[in-house]
Amino acid sequence: MSGLRMPAVDAQIMARRGEIVAKLREIVPGEGTVDDETGMRTYESDALTAYRQMPFVVVLPETVEQVAAVLKYCHETGIRVVPRGAGTSLSGGALPLADAVLISMMRFNRILDIDFANRCATVQPGVTNLAITNAVSHEGFYYAPDPSSQIACSIGGNIAENSGGVHSLKYGLTTNNVLGLEIVTIEGEVMRFGGKHLDAEGYDWLAFMTGSEGLLGVVTEITVRILRSPETARAVLVGFPEAEDAGRAVAAIIGAGIIPGGMEMMDKPAIHAAEAFVHAGYPLDVEALLIVELDGPKVEVDHLIDLVEGMCRENGATSCRVSETEEERATFWAGRKAAFPAVGRISPDYMCMDGTIPRRELPRVLKGMAELSEKHGLRVANVFHAGDGNLHPLILFDANQPGELDRAEAFGADILKLCVEVGGCLTGEHGVGVEKRDLMPEMFTEDDLKQQQRVKCAFDPQHLLNPGKVFPVLHRCAELGRMHVHRGKLPFPDIPRF
């Protein structure tokens, strides 16, 4: 796996494979347990296909009882577990392990309840993101977070990675739209956090679970917030002669207190690839393209469009086109949402990065990425959630050319280090997984990482759930729990101890 370090394979578990598969087949019978090479090949990687590993065995449970029984058995026998949704993760978060049970949640695919009065829906984790909107659109509602992969990605995977989308600027990421969760712990215990009510008492367990990348438990049910579709939504397509000009326009719009429904940016390579793929009518004589969507009451939208167009012109925009129909607005977005597959037509391989920066640093980071492109000798196509500073550089390479994958990985690492250097962070919505795992010390101190691992230990003291992900060096829980006694004195001696 391209030199990627993963936990050492447990030879004892491998030797017991026949026995383990037989037990799992008792719990999840028939086609619910997959142990042949052809059947498991589907699960050897997620969307970060640079890293591949055949699973030990795959189970596809259909009930909470089956999930609990599988996890309890694995806990009692010391078997590792890798949870998986639709496999659209771009950080290797669902990468299998050679000695781990891969538990796919895609048979949990039912919408359990739609409560329009309370503006929420309860769904199983295998339901696709777009399916929620489709299920409530007839009453004028929708589910706001909309990743580009929304037609395929599962809501359970969105929980694991805290996914966003082009409309997350105004309406928030997954964490801002989740009201309740049902999870199963590694011990097989079923727990519920939150519900249909707006806020839950006590600790914010929803925040722990959302974005936890399968390290704390397996999600079996989700209650999400649904919103009323806006009265009016119009998009503005703005072309700029320089990417830095577009960056300044973004800063001006947000600085003026205008919060668009979505604000996306694409550079020239991405523009040309998307236009050839979708024919959205993008201008091809510009270096950067900004798509700004305003939504709300019609009079407000019309007023804001005039303001946004003026700010873009002040910052050097050379073209500006406003959608006049809903079909035209959808076409503007179709090109942006197809940018990733479109880039696949101009390069044998690409690596999609994910970092977040302060918006004011966008011009500096764009310039820095151009310099890094020259340094590593690889092209890059840029697609951004510009409004909230979430960058998605697409590094173009050919894995068949010796050394190009290694150069692409080094290029990606340098981009993420640049994000941290300017005050940003390693990820916005793709998670850490294995892709950014070894870069965590660039952002967090050793004490920071140990504190995060203590949360992991509280849920999974044996480190059986999705090991090898997120943390570059995983300490044993016993080590993290040790108390440092200096010269015979306990720390904080005035604190009562029982």
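Predicted model: local features only at pLDDT ≥ 70, side-chain atom pairs only at ≥ 80, totals over all residues.
Helix 6, helix 8 (205–209), helix 16 (440–443) and helix 17 (446–459) each contribute two or more residues to the lining of the second largest pocket.

By class, the lining comes out as 14 nonpolar, eight polar and four charged residues.

Keep E213 in mind for a moment. E213 sits in the loop between helix 8 and strand 10. Its phi is positive, about 60 degrees, although E213 is not a glycine. Is E213 buried or exposed? Its relative accessible area is 8%, and buried means under 20%, so E213 is buried.

There is another residue of this kind. R119, also not a glycine, has a positive phi of about 55 degrees. R119 belongs to the loop between strand 5 (111–115) and strand 6 (120–123). With 42% relative accessibility, R119 counts as partly exposed.

Now the largest pocket. Its volume is about 970 Å³. The lining is made of 50 residues, and A47, G87, T88, S89 and L90 are the ones nearest the centre. Elements giving two or more residues to this lining are strand 3 (80–84), helix 6 (155–161), strand 10 (218–225), strand 16 (349–352) and strand 19 (390–397). Helix 6 provides the largest share, six residues. You will recall that helix 6 also supplies at least two residues to the lining of the second largest pocket. As for composition, the lining of the largest pocket holds 23 nonpolar, 21 polar and six charged residues.

Next, the aromatics. How many aromatic pairs does the structure hold? There are six. One of them is F193 with W205, a stacked pair with 5.7 Å from centre to centre and 25 degrees between the planes. F193 is in strand 9 (residues 190–194) and W205 is in helix 8, so this pair ties together parts of the chain that are 12 residues apart in sequence.

Why is the Y203 and W205 pair called edge-to-face? The planes stand at 75 degrees, with the ring centres 5.8 Å apart, and planes over 60 degrees apart count as edge-to-face. Y203 itself is exposed, at 66% relative accessibility. Taken together, ring pairs join F193, Y203, W205, F208 and F459 into a cluster.

The charged end of R17 sits over the ring of F56, at 5.7 Å from the ring centre.

Last, helix 12. This helix covers residues 326–337, which is 12 residues. From first C-alpha to last, helix 12 reaches 16 Å, close to the 16 Å expected at 1.5 Å a residue. Which residues of helix 12 are buried? They are E328, R329, F332, W333, G335, R336 and K337.

That is what I have on this model.

Notes. Residues numbered from 1 in each chain as written. Heavy atoms only, no water. Helix = DSSP H or I, 4+ residues; strand = E, 2+ residues; numbered from the N terminus. Expected span 1.5 Å × (residues − 1). Buried < 20%, exposed > 50% of the residue type's maximum accessible area, 1.4 Å probe, protein only. 1 Å grid on protein atoms, 1.4 Å probe; cavity = no way out; pocket = protein on both sides within 12 Å on 5 of 7 lines; lining within 4 Å. Points joined across faces, edges and corners; volume = space filled by probe spheres on them. Nonpolar A, V, L, I, M, F, W, Y, C, P; charged D, E, K, R; others polar. Phe/Tyr/Trp six-rings, centres within 6.5 Å; stacked < 30°, edge-to-face > 60°. Lys NZ or Arg CZ within 6 Å of the ring centre and 35° of its normal.
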